[in-house]
Amino acid sequence: MTTGDSTRQTQRAVSIVWLLAYLLAGPLIWSVQFAIVYALHAAACATASEPAAEGWIPLAMAVVTGACVAAALAVVACRGRLNRAIFGTGQGSRAYDVISLLLIVLATIAILWSGLAMALLQPCSLPQI
Amino acid sequence: MMVKPDRDLPNPGPRPAGEEDLLKRIWETPKGWRVLSAVNNTAVGTAYLGIAFLFFLMAGMLALVMRGQLAMPNSDLVSQDLYNQIFTVHGTTMMFLFAVPAIEALGVLLLPQMLAARDLPFPRLSAFAIWAYVIGGLVFFSTIFYDLAPKGGWFMYPPLTLTEYSPGNNADFWLLGIGFIEISAIAGAVEIVVGTLKTRPPGMTLAKMPIFAWSMLIFAGMIIFAFPAVILATMLLEIERSFGWPFFSADKGGDPLLWQHLFWFFGHPEVYIIFLPAAGLVSMIVPTIARHPLVGYNLIVVALIAAGFFSFGLWVHHMFTTGIPALSLGFFSAASMAVAIPSGIQVFSWIATIAAGRRSFRITTASLFVLGFLFIFTIGGLTGVLVALVPLDFQLHDSYFVVAHFHYVLVGGMVFPLFATFYYWLPMVSRNPLSERAGRWVFWLMFLGFNITFLPMHATGLLGMPRRVWTYPAGLGWESLNMISTIGAFVLGAGVLLFVIDLVRRFRPGEREDQNPWGAGTLEWLPADVYSTRSIPRVASREPLWDQPGLAKDVEAGRYYLPDAPTGGRETIVTTPVEAEPEYIIRMPGNGWAHVWAAVFTASSFLLLTVKLVVPALICAVLAIVSFIVWAWALDHGPAREPVEIGGGIRLATYRTGPSSHSWWAMIVLILVAASLYVAFVFSYLYLWVVSPEVWAPNGAPALPSLHWPAGAALLLIFGTGVIVLAKRLLPEPGRRNLGGACLLLLAAICLAAAGAVEIYGHWSSGLRPTLNAYGAMVYMASALNLQVALAVLIMAGFVVGRGFAGKLDRERRVTFDNTLMLLLYGAGQTLLGLILVHGFPRAVG
């Protein structure tokens with residue numbers, strides 16, 4: 001709606017919801033990994049017996065972490081298509097692409113960095129002081 | 001980047017005589033005592049900032065009293081009990097009454113100017129927020145003078161704050177006072193989200209938005225998701241203190257650690273809620289003083305968003321010593337270190353900008369404060385990485401090392417940028433700038449005073465001095481360090497005092513002749529008056545005043561959009577949220593009293609509840625609701641007959657409903673707040689079950705009520721939702737009166753409330769009581785939260801019926817109807833989720 005009567009639609013408006021989803025894809029994936037891993041680990045250690053929990057918790061966490069990294073890579077791979085779906089042909093803004101990509105990179109680093117703790121520590125033991 | 005000047009201006013011809021006078025009349029700020037009714041962002045924002053700064057000064061004085069007490073061992077300058085009150089009020093005031101309100105005030109003051117909007121979209125909401133904050137804040141602070149101040153620290157951990165260990169009303173003043181101020185913060189967040197996304201000037205896409213606007217958008221988003229957790233926490237603790245529902249009492253299945261989870265889920269993002277906008281301010285000042293566009297604009301946006309998100313994953317690093325499994329500690333430790341990356345990106349971007357403009361870099365007081373910020377905040381960030389290391393945190397926890405760390409982060413990250421802001425932006429609202437000569441003294445006194453105070457505290461903490469101690473014995477090696485810290489605190493105080501003297505001498509509200517004294521590139525430096533800019537420009541770059549020659553002159557001559565007042569009242573252009581193309585004209589309310597009374601009565605109601613005067617509190621609550629209704633009655637003015645011309649052949653409607661309406665956006669934000677609060681509740685329910693499954697039904701409590709009860713409640717919800725579909729169809733054509741739609745909406749609201757009542761009755765008849773144990777408390781809390789939404793919907797639906805009676809509701813004029821409907825649908829969804837949780841979960845796990 002650039003000129004003329006406001007009721008006349010002259011170009012497709014970019015959806016803020018889809019743009020935000022595109023920009024925030026990386027941090028949202030990180031949030032999912034964070035929420036699942038934290039909730040799963042806390043609930044399992046509180047309710048299951050320790051030997052049983054120690055068997056499957058690291059595996060489940062590794063699966064969640066792997067899935068989240070895969071999701072982040074999938075967003076990167078589909079960036080062109082996502083951009084066209086949001087902005088239409090030739091209307092994409094490079095700035096949004098750069099922001100989205102860098103956020104995915106940062107989020108992936110955070111996912112792997114946090115995930116590293118699972119490979120190194122026993123899931124339910126208390127810290128040794 | 002120089003943008004080709006756009007000579008095809010929307011309104012190229014000369015403007016009619018008297019047009020500017022009309023704008024001045026419409027936007028005039030009332031004089032004398034009537035100034036209290038003002039809603040203009042400049043008046044409200046300046047007052048808001050002034051009050052926030054007053055709280056900073058008062059809390060700073062408390063800090064000096066504390067330093068006086070700690071200067072020497074075995075001191076008894078103040079009593080132990082008063083000392084406890086002083087550190088609690090100092091921390092609470094700095095965090096809740098100074099830092100967040102100061103940032104919101106800057107948003108109210110600067111955002112419309114940076115976006116060249118006439119005002120933010122809900123000016124009375126901003127004014128309501130400030131009045132609520134002023135009344136609640138002053139009453140809270142004054143408790144220190146009559147021995148009623150809370151004593152539990154700014155985080156008020158139970159069990160210390162439960163009635164058994166904190167009798168009297170002191171803790172209640174914190175809980176109700178702060179809960180009330182949080183409402184004020186959320187009102188501000190609604191305003192900032194909608195203002196940033198919907199009132200940008202044409203052409204200012206999200207990718208061209210000033211960094212401060214980005215940071216405020218993220219700030220408001222963080223308030224929406226972080227504050228509800230602490231609102232829920234304060235509700236739970238106040239209910240336990242007042243009615244004995246045992247959420248935090250371990251002997252009945254509650255857990256004090258639940259408070260810590262909820263509090264820090266808010267409390268850690270709170271640090272970034274304070275820091276990110278301050279960083280946004282720095283990102284605006286640095287390009288001007290370096291005379292170079294910000295290096296890495298996109299990187300800064302990335303850093304702001306990433307820090308905003310990551311800050312929600314750090315809360316447990318405040319709880320490393322509470323007995324959490326090692327893996328969780330590792331997980332949160334890693335996240336705590338990861339957040340240093342986005343912070344580092346911003347620091348390097350500012351340094352790169354300064355380096356790129358080093359030949360023209362100006363040393364002013366504002367730039368000194370920016371450089372001081374970089375130094376202090378970087379040290380605070382580095383010690384933050386240290387305390388993110390679990391083994392080190394075990395040693396340093398609750399020691400003066402932590403006190404030093406968070407003051408380096410908060411004072412460096414927020415107070416120094418704020419003082420840079422005062423020196424940089426004061427010419428925008430004052431005829432005189434602050435003295436640069438005095439400013440140099442202010443800076444060096446503050447910078448040296450701060451470092452003399454807090455640098456030794458790292459050592460004091462390493463030597464083992466714990467936080468919050470009233471005094472200490474001689475011979476522990478702490479004496480000299482404490483004396484140095486005290487001397488530094490008074491040097492810091494002298495710097496602030498000099499600033500206050502200069503401010504009093506030189507601040508005179510009004511416009512300067514030289515309206516862009518720093519030669520800045522952003523729109524807040526356009527020539528402006530009470531109506532903001534004479535016309536609203538089309539923006540083609542991130543620094544339009546640098547890249548669009550003649551812009552200021554053309555804007556002042558009224559050659560851009562909306563140089564007049566086509567509807568005869570206050571208005572601004574609403575644009576699309578991404579590309580910022582004109583959508584419609586928003587007609588905004590002017591000065592008034594209803595919002596002031598709403599704030600006064602809401603504050604009175606909360607404060608009377610605090611001192612257990614229930615009947616007067618209820619009367620005030622009713623009067624507050626009446627004030628809200630009076631306030632809201634005039635807002636939905638309906639569509640004008642014809643679209644209005646804003647220039648360039650663009651004709652815009654003056655009314656919108658549905659997803660392009662600004663009020664629809666505000667309701668969505670409010671629903672997000674309610675949803676965040678309910679998610680925090682679901683977390684709390686599941687957390688207490690994890691901690692104490694033995695008190696859950698059917699083993700530790702009466703058996704769950706028969707499934708007929710939740711089924712009945714669900715049927716009521718489904719019936720109510722079905723009724724809404726019919727209600728929409730029954731709205732009359734414009735000019736006709738038909739109450740069918742409004743009455744059906746009211747019926748749907750009654751169904752929502754009835755579903756809540758059925759749910760409560762079902763549990764009551766099963767013998768379950770909220771005081772029995774944590775399970776009973778959580779079950780009734782679920783209903784309390786649902787009924788809270790239902791009550792709001794009932795009041796709104798009654799309002800809609802009133803609009804129908806008055807002939808102010810039809811198929812076009814329906815914003816109030818739509819907003820009520822949205823909240824109703826949300827309420828039905830929340831109640832349904834509650835039924836599944838409360839009735840399904842125990843059956844599934846039992």
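Visitor: Where is B:Pro698 found?
Guide: B:Pro698 sits in the loop between helix H20 (662-691) and helix H21 (708-729) of chain B. Helices here are DSSP runs of H or I, at least four residues, numbered from the N terminus. This is a predicted model, where local features need pLDDT of at least 70, side-chain atom pairs count only at pLDDT 80 or more, and totals for chains, interfaces and linings use all residues. Residues are numbered from 1 along each chain as its sequence is written, and chains are lettered from A in the order in which they are written.

Visitor: What is the peptide bond from B:Ala697 to B:Pro698, cis or trans?
Guide: That bond is cis, with omega near 5°. Most peptide bonds are trans.

Visitor: Which peptide bond has omega near 10°?
Guide: The one from B:Pro158 to B:Pro159, and this bond is cis. B:Pro159 lies in the loop between helix H4 (123-142) and helix H5 (170-198) of chain B.

Visitor: Why is B:Asn74 called exposed?
Guide: Exposed means over 50% relative accessible area, buried under 20%, partly exposed in between (1.4 Å probe, protein chains only). B:Asn74 has 53%, so B:Asn74 is exposed. Its phi is near 55°, a positive value in a residue other than glycine. Most residues other than glycine have a negative phi.

Visitor: What makes B:Arg291 partly exposed?
Guide: The relative accessible area of B:Arg291 is 46%, so B:Arg291 counts as partly exposed. Phi of B:Arg291 is positive, near 50°. B:Arg291 belongs to the loop between helix H7 (256-290) and helix H8 (297-310) of chain B.

Definitions and conventions. Side-chain values use heavy atoms; hydrogens and water are left out. Helices (H or I, at least four residues) and strands (E, at least two) are DSSP runs, numbered from the N terminus.
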